[in-house]
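Please work through the exercises below with the sequence and the 3D structure side by side, and try each task before reading its solution.

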Amino acid sequence: MAEETIFRKIIDKEIPADVVYQDELVTAFRDINPRAPIHVLIIPNKLIPTVNDIEAEDELVMGRLFTVAKKIAKEEGIAQDGYRLIMNCNSYGGQEVYHIHMHLVGGRALGPILLS
Ligand code: AMP
């Protein structure tokens with residue numbers, strides 16, 4: 001079985017985080033090391049370590065990540081200007097926390113996506 005990460009403690013409110021949204025499927029909180037004026041992580045409440053571990057039964061929760069991202073972008077006032085949604089997978093993808101998370105990044109113009 002996959003090991004829980006620090007994000008489990010955030011979902012369960014065992015450690016403090018700036019939670020901006022939570023429902024029965026997902027939790028969203030501000031990144032502790034923001035790379036833009038708005039940087040929110042949206043995660044499934046269920047542990048899915050990487051994108052490689054997503055199953056067909058997870059399609060509802062994966063869709064919820066997007067609808068919650070859209071809602072937060074609107075609330076944060078960045079929907080019209082635009083923003084970026086990023087999900088890193090494994091070491092070459094730059095993943096550090098093995099509980100999948102969607103980065104919602106915005107509030108400034110972002111450069112071209114890094115492909116190097
Ligand atoms: P990734 O590199 O895609 O795995 O991103 C992990 C993200 O989690 C990084 O942007 C970190 O800044 C963020 N992070 C790690 N620990 C915390 C925490 N306790 N609260 C909020 N964000 C965190």
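Thr27 touches Ile11, Val19, Tyr21, Gln22, Leu41, Ile42, Ile43 and Asn45, where residues up to four places away in sequence are not counted and contact means heavy atoms within 4.5 Å. The model is predicted, so that local features need pLDDT of at least 70 and side-chain atom pairs count only at pLDDT 80 or more, while totals for chains, interfaces and linings use all residues. Residues are numbered from 1 along each chain as its sequence is written, and side-chain values use heavy atoms, with hydrogens and water left out.

**Exercise 1.** Find the place of Thr27 and list the polar contacts of its side chain with the side chains of Gln22 and Asn45.

*Solution.* Begin with strand β2, residues 26–30, where Thr27 is placed; strands (E, at least two residues) and helices (H or I, at least four) are DSSP runs, numbered from the N terminus. Thr27 counts as buried because its relative accessibility is 0%, where buried means under 20% relative accessible area, exposed over 50% and partly exposed in between, with a 1.4 Å probe and protein chains only. Next, take the side chain of Thr27, which makes a polar contact with the side chain of Gln22 at 2.7 Å and another with the side chain of Asn45 at 2.6 Å. A polar contact is a pair of N or O atoms within 3.5 Å; within protein, one must be able to donate a hydrogen and the other to accept it, and residues adjacent in sequence count only if both atoms are side-chain atoms.

**Exercise 2.** Decide whether Val20 is buried, partly exposed or exposed, and find its contacts.

*Solution.* Start in strand β1, residues 19–22, which holds Val20. Val20 counts as partly exposed because its relative accessibility is 25%. Leaving aside neighbours within four places in sequence, Val20 is in contact with Ala28, Phe29, Arg30, Val40 and Ile72. For Ile72, the separation along the chain is 52 residues, whereas the C-alpha atoms of Val20 and Ile72 are 8.0 Å apart.

**Exercise 3.** Locate His101 and describe its surroundings.

*Solution.* First, look in the loop between α3 and β5, where His101 is placed. The "active site" annotation in the unreviewed UniProt entry covers His101; UniProt positions are given in the numbering used here, feature names are shortened, and annotations may be inferred rather than shown by experiment. His101 is buried, because its relative accessible area is 7%. Beyond four places in sequence, His101 is in contact with Phe7, Leu41, Ile42, Ile43, Ile86 and Met87. Finally, the side chain of His101 reaches the backbone oxygen of His99 at 2.7 Å.
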